[in-house]
Amino acid sequence: MKEVNMALHMSMGALLQADLQEDAAYRDDGLCVVGIFGKSNMQTGPLKESLINSLADKHIFSLFGAQEEVGGAADCSSHIQALYSQEDRVLYLLLSSVCDSRQLLQACRSLSAGTGHSDAHDFWKGLDRQHCLHLLYMFSVCHVLLLVHPNQTFDVSYDRLFRALDALRQKVLPLIRAAIKDCPVSKEWKLNCRPCPPRLLFVFQMNGTLKVSGNGSESGGNPDKPKKHSPRRRLQHALEDQIYRIFRKSRVLTNQSSNCLFTVPANQAFVYVIPVVDEDPVGALLGQLRSNCMLCDQDSSTSVSGPRRYQQMRRSARQPGFIGESGGVSMGGQLVDCSLKEFLWQHVELVLTKKGFDDSVGRNPQPSHFELPTYSKWVQVASRLHQVLISNTEEELAELATKVQSQLKVLEGFLDADTKFSENRCQKALPLAHSAYQSNLPHNYTTTVHKNQLAQALRVYSQHARGVAFQRYALQVHEDCYKFWSNGHQLCEERSLTDQHCVHKFHLLPQPGEKPDMDRNPPVLNHNSRGRSTSSCNCGRKQAPREDPFDIQAANYDFYQILEEKCCGKLEKIDFPVFQPSTPDPAPACNQAQRLASEISGSGEAERLKEPSTAQSHTPGDTSLSLALSLGQSTDSLGPYGDGDGTETQVQQKRPSLVDRQPSTVEYLPGMMHSGCPKGLLPKFSSWSLVKLGPAKSYNCHTGLEQPGFLPGSSFLLPWDLVIRSRSEEDTGLVEPLDGGTSSWPAPNKNLVGKRGSIGGLGRSRRRDDMARVFVGFEYEDSRGRRFISSGPDKIVKVLGPGGAKDPATRVLNTDMPLYIPSPSQGRGLKAHFAQLTRLFIVVPDAQLEVTLNPQVQPGPPPCPVFHPEQTDLVLPPDGLWVLRFPYSYSTDRGPCYPPKENQPLNNYKVLRGILKATTANPPPQ
């Protein structure tokens, strides 16, 4: 504790902690506590501080600039300044808040520029709650309260504020009783938590719009008939009547004063209007001179103070004289107007004389309690209340202070009208938002539909909701819509490999050996998109319906395995290498290892992907016969693409292929083989199939393929004519020209020798033993099982008469064939149907010819990888009708490659050129 000079003001916290050395003459006298609160405008000097200076007759508060902190450090947690006048036995408490211009300016500075509307609203309402706690403290420790207002109009918002304070006081009354139960005060004080029901007085300041004329007459044009009361006094009486009616109507004031938050006197004035300062300096000096003269005359009479003087001034007769600044003398027959100190002192003397306030009205008025404490007793009670309501620094009262803070929500209904309006408005908008969300909804729907409907619901909500509660109830719209969606309306999010959603609601997949169960929650079901299509088996001789697949094994392996048992199980086939586990629980390769291996082998893969563009096909794009095999190049690439030196072939032989490396027996490839796969990994099953339908003669070029589903005239393979060497030409090393001249024609009536290079008529350009004919057909199949052979990227084989297809196969072998093309038989709907490349038919003749198969498919725009079988550069055995089945779907470890949409270009989905290579085979040794 420290000694403090009480001649200066200090904060409330410093006052309660100070060791006040009172004079012995005043130590046992009672103390009257006067509280001052209210609002101030942007005037030159603060109104409340000037009132304290006027009441104390001292210059205590600075009227300009920032407030000086005197008497110790500033207490930031309290906005109450205290001034103790021992001679008058009055303690003045001055409360400042955001209703004052200085505090409002500081609060605005503390707000950051990026503060949102809701955060700013919470900030201001937090200051309002803090102001209410300070007011509750003032109403609990003061005898008299002065409400100061900067103009002469009563602010009706005080009615709502006082009702909120009364409700808060009733809530925290048990907590305050527990805090002061050990204080040395009377039982009535401990029970009611205040020394008496405080009397509330109102002080208004008259502005410049209500100036009174010099003669004081306001009789409506009759100056000879003066009024009994001055205009200022009549304004005070009107304000008293108005305030009393308002508070009685709202039941802030009742008959029993002990039940009210405050009281107003029934037979005394409780409104004072401060007159306007005269702007005429000469008139002000004359008025001061007149008032001094009047004071000299009054000194000769008996001095009367307090309420007796106030009553005497009200009953004084008309006296000729002058009106002074304080209005102490009547002029023109008007009653005397008292000063502010005289107005206040008549109520203070009732406290100091221990008479108290008898403000109850009605037939049976109940007397209210009253106690005049000494300064030491009052400090003990005020200190504990300060800890509970404001500062909260003592541990023993921390629990009570926490409970008081929890009761502040009772203020929201009274003070936070903006939030109340906003909540009511937003609550009315919630059903509209829910209705907009559920409009035109299927029973089960996906996340995309949920987000679209939620956006529509939020648009409807934003059209009707307003205020600070907008964001909070917008989050509730999110939560309500999500709960509705997840409560039995959530559609399975899995998409099939054809980019179709599963039609079931959210479900679990059955485990191996487990049966589907619809009654479980969530149900156990297999995925189903209700999409069905018709597909052919590996060899193409049998068609069957199939469900829309959801995994790559069902799409590329399981369906064909089922049909293989019924159709092509006994056919000769070439099996592609697959993963052979050496452990009972093999694991898929991790993504990180795949990416690392892909980066390491990136250069080699890039070089390998360039092969189709450099070597392309062994079919030149000239207009003469298809392909000429150069003499003297028995094992080299054909045509001008090998450049005659075989350098590229040597480089390719030095680079090992995937099958040359030892594959892993511990980790398998989770997806399909493609250009981004690491070396040494194989899938658990092959998505490709290569079967032999029969010998080369099983295909008849006049009838085409005799398989179901082909469109009429579109089942004919395209001829690919290749030049091979005769035995006589091997000896001479000559190359016959390919110009189709007469030297290459056979002699008339001479039988063609040899059957090795021919299956059909070859025309007049070469002898039969110099030619070999390979038949090639790219088969497309749509979802309805319609099949056809394509003779080019944008052309379908159409044979109307006998003789087979006339278009050579060079066009399809020298270009990138599309993976998807529009189906020639579109349905009645608007949705376009695509046909997918599903098979490649190759008829290899029984000749000294090696046909190498190397399919490479790019099922999407870059950076989509290039897919290929597990074994590349596969040499097809001679004398056979081979069928290569392409995968139904393409997928990597990152997900499937979906078919193109209607608005996507089809040229990004293609089979790269160079799928077939032809070289001459070395003749068997003689």
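N440 is found in the loop between α14 (417-437) and α15 (447-464), where helices (H or I, at least four residues) and strands (E, at least two) are DSSP runs numbered from the N terminus. Phi of N440 is near 55°, a positive value in a residue other than glycine. At 77% relative accessibility, N440 counts as exposed; the classes are buried for under 20% relative accessible area, exposed for over 50%, and partly exposed in between, with a 1.4 Å probe and protein chains only. The model is predicted, so that local features need pLDDT of at least 70 and side-chain atom pairs count only at pLDDT 80 or more, while totals for chains, interfaces and linings use all residues. Residues are numbered from 1 along each chain as its sequence is written, and side-chain values use heavy atoms, with hydrogens and water left out.

A positive phi is also found at D873, with a value near 50°. D873 is placed in the loop between β22 and β23 and, at 40% relative accessibility, is partly exposed. The loop between β22 (857-859) and β23 (874-876) also holds P863. P863 is joined to P862 by a cis peptide bond with omega of about 10°. A cis peptide bond is present between N521 and P522 as well, with omega of about -5°. P522 lies in the loop between α16 (470-486) and β8 (532-536).

The loop between α7 (231-249) and β7 (271-274) contains Q256, and S257 lies in the loop between α7 and β7 too. Leaving out residues up to four places away in sequence, Q256 touches S360, N364, P365 and Q366, a contact being heavy atoms within 4.5 Å. S257 is buried, because its relative accessibility is 2%. With the same exclusion of residues up to four places away, S257 touches R194, P197, T263, D359, S360 and S368. The side chains of S257 and S360 are joined by a polar contact of 3.0 Å. A polar contact is a pair of N or O atoms within 3.5 Å; within protein, one must be able to donate a hydrogen and the other to accept it, and residues adjacent in sequence count only if both atoms are side-chain atoms.

H143 is found in the loop between α4 (117-141) and β5 (144-149). Its relative accessible area is 0%, and H143 is therefore buried. The side chain of H143 reaches the backbone oxygen of E371 at 3.3 Å. Apart from neighbours within four places in sequence, the contacts of H143 include L31, C32, P195, C196, F370 and E371.

Helix α3 (residues 101-110) and α4 have axes that come within 11 Å and cross at roughly 145°; axes are lines fitted to C-alpha atoms, for helices over the stretch in contact, and angles run from 0 to 180 degrees between N-to-C directions. The contact is made by L104, A107, C108 and S110 of α3 and by F123, W124 and L127 of α4.

Over the protein, there are 23 helices and 28 strands. Buried residues make up 47% of the 926 residues. Among contacts between residues at least 6 apart in sequence, 73% join residues at least 24 apart.
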